[in-house]
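Here is a friendly walk through a protein model and its ligand. Please have a look at the sequence and the 3D view before reading on.

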Amino acid sequence: MQIQPLIDLERRPWERRFANRAKNINASEIRDLFALLDNPEIISFAGGFPDANLFALPQFRDGYRKSLEDSPTTALQYCASEGYLPLRRWIADFMRRQNVVCSWENILITSGAQQAIEFLSRLFLEKGDPLAVAKPSYLGALQIFNAYEPDYRFFDGGGVSMPRSDTDKTRPLKFIYANPDFSNPTGETMDVMARKRLIALARANDAPLIEDGAYTSLRYEGDPLPTIMQLDIAESGSIETSLVVYCGSFSKTMTPGMRIGWICAASQLINKLTLLKQSSDLNSSTINQMVMHRVADEAFEASVNTSREVYRQRRDNLIEALEDHMPGNVTWRKPEGGMFVWLTLPEGIDTKALLAKAITQERVAFVPGRPFHADGTGGNTLRLCFSSCAPELAREGVRRLVRLIIAETAGSAAISQTSAASASL
Ligand SMILES: Cc1ncc(COP(=O)(O)O)c(C=O)c1O
């Protein structure tokens with residue numbers, strides 16, 4: 001019998017009982033630092049939160065009151081695992097307004113887009129399966145995928161990196177995950193050609209293509225682009241023959257607090273996913289779905305228009321502050337929508353180490369870029385979220401960040417000069 005070292009049992013008595021698949025579910029290394037963000041002196045560009053002041057509070061208050069008055073027994077009861085029918089119909093309508101030809105039978109209500117990605121991973125992924133993602137990608141999706149130990153492949157602008165060995169060629173991609181509009185974390189948007197290349201890649205591998213549309217409604221300039229799903233339906237003839245699985249959410253447009261998202265896909269897939277929903281949590285909260293239906297029906301357009309206006313100004317303000325103050329060796333692009341600006345710092349600067357100094361010395365926070373990279377690269381990148389930072393604070397936040405980056409760049413230049421000098425001795 002093997003005797004466990006006492007110290008391990010004392011420190012982590014539960015660890016040895018966990019299933020193998022749980023070993024890749026770990027707290028992020030920066031979690032402890034984010035615990036410090038409650039300090040009101042810290043200016044935070046970190047969490048990707050919508051601004052709570054923009055939530056349609058009177059409509060939600062009214063919605064709960066009316067739902068309880070008009071249909072209390074329905075509101076407080078279980079409901080169908082597929083979701084509350086009027087809300088499924090509303091979402092099918094919303095998808096049709098985005099030129100996705102579908103019916104309510106193509107819609108499954110989920111607990112946010114996060115649960116949608118979790119279900120799809122559970123349904124499709126086996127250990128070691130090739131899975132194509134962008135580099136960088138939404139961290140919350142990578143955390144789900146990691147539990148299944150996939151073999152990551154990377155696409156950039158629609159291409160995908162070559163298989164690593166000949167044997168890999170016998171294993172086609174299991175699925176592709178893309179966040180084409182104002183992506184988290186880079187804020188970038190895939191153009192139509194890139195979308196079509198991803199569809200071609202999906203078809204060549206006969207692989208589902210998951211389109212994460214969490215930010216699609218938050219466009220601040222330029223014409224909306226066709227969703228990948230719309231393009232694929234145009235090619236394949238119908239949603240029933242499309243390989244695209246669209247994940248939507250009310251979190252960034254209405255509120256994340258009610259945890260309502262959806263999957264729009266071929267009805268055969270929706271039927272299978274409904275069984276996963278049933279075995280997972282039976283159904284999403286009935287009253288929340290009823291209220292979201294009322295409020296979305298009444299106020300979605302007006303509410304999203306206000307968010308667009310406010311976030312557009314915050315984006316412009318942040319970009320202006322970066323242009324005014326950032327040193328020339330830091331680069332970024334202006335996003336056409338969404339909530340994020342992605343900075344690339346000079347090689348050699350580690351933004352995780354920088355975050356510790358940012359919080360403790362300058363009282364400003366951001367998210368370091370490495371965790372968004374499934375291959376562990378991207379150490380000199382970071383994400384700024386502009387959605388919930390008022391303009392004056394954001395300007396001050398940028399000034400603090402700039403001080404830190406300039407000090408760090410000077411430090412690392414001094415170090416590399418010293419090491420160059422010592423190497424030549
Ligand atoms: C790209 C992306 N997809 C999905 C989600 C999950 O959103 P939800 O609140 O709908 O679960 C997020 C949340 O930040 C996100 O950024």
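The report below starts with the ligand and then turns to individual residues.

## Where the ligand sits

This is a predicted model, so please read every distance and area here as a value computed from it. The ligand sits in the largest pocket. Around the ligand there are 13 residues, and those that come nearest are Ala-113, Asp-212, Tyr-215, Ser-249 and Ser-251.

What is the make-up of this shell by class? The shell around the ligand has 4 nonpolar, 6 polar and 3 charged residues. Helix α6, which covers residues 112–124, gives the largest share of the shell, with 3 residues.

## Polar atoms around the ligand

For the side chain of Asn-184, the distance from one of its N or O atoms to an oxygen atom of the ligand is 2.8 Å.

How much of the ligand does the protein bury? Taken alone, the ligand exposes 390 Å², and the protein buries 92% of that.

## Asn-184 and its loop

Asn-184 belongs to the loop between β6 (175–178) and α8 (192–205). Is Asn-184 buried or exposed? Asn-184 counts as buried because its relative accessibility is 6%, and buried means under 20%.

The side chain of Asn-184 has a protein partner too: a polar contact of 2.8 Å joins it to the side chain of Arg-383. The side chain of Asn-184 also has an N or O atom 2.8 Å from an oxygen atom of the ligand.

## Gln-115 in helix α6

Gln-115 is placed in helix α6, the helix that gives the largest share of the shell around the ligand. With a relative accessible area of 11%, Gln-115 is buried. The side chains of Gln-115 and Asp-281 are joined by a polar contact of 3.2 Å.

## Thr-351 in helix α12

Thr-351 has its place in helix α12, residues 351–362. Its relative accessible area is 1%, so Thr-351 is buried.

How far apart are Thr-351 and Pro-368 in sequence and in space? They are 17 residues apart in sequence, and their C-alpha atoms are 5.2 Å apart in space.

Key: Residues are numbered from 1 along each chain as its sequence is written. This is a predicted model: local features need pLDDT of at least 70, side-chain atom pairs count only at pLDDT 80 or more; totals for chains, interfaces and linings use all residues. Side-chain values use heavy atoms; hydrogens and water are left out. A residue is near a molecule or strand if one of its heavy atoms lies within 4 Å of it. A polar contact is a pair of N or O atoms within 3.5 Å; within protein, one must be able to donate a hydrogen and the other to accept it, and residues adjacent in sequence count only if both atoms are side-chain atoms. Accessible areas come from the Shrake-Rupley method with a 1.4 Å probe; for residues, only the protein chains shown count as cover. On a 1 Å grid over the protein atoms alone, a cavity is a set of points where a 1.4 Å probe fits but cannot get out, and a pocket is an open set with protein on both sides within 12 Å along at least five of seven lines; lining residues have an atom within 4 Å of a point. A molecule sits in a cavity or pocket if more than half of its atoms lie within 2 Å of its grid points. Helices (H or I, at least four residues) and strands (E, at least two) are DSSP runs, numbered from the N terminus. Ala, Val, Leu, Ile, Met, Phe, Trp, Tyr, Cys and Pro count as nonpolar, Asp, Glu, Lys and Arg as charged, and the others, Gly among them, as polar. Buried means under 20% relative accessible area, exposed over 50%, partly exposed in between (1.4 Å probe, protein chains only).
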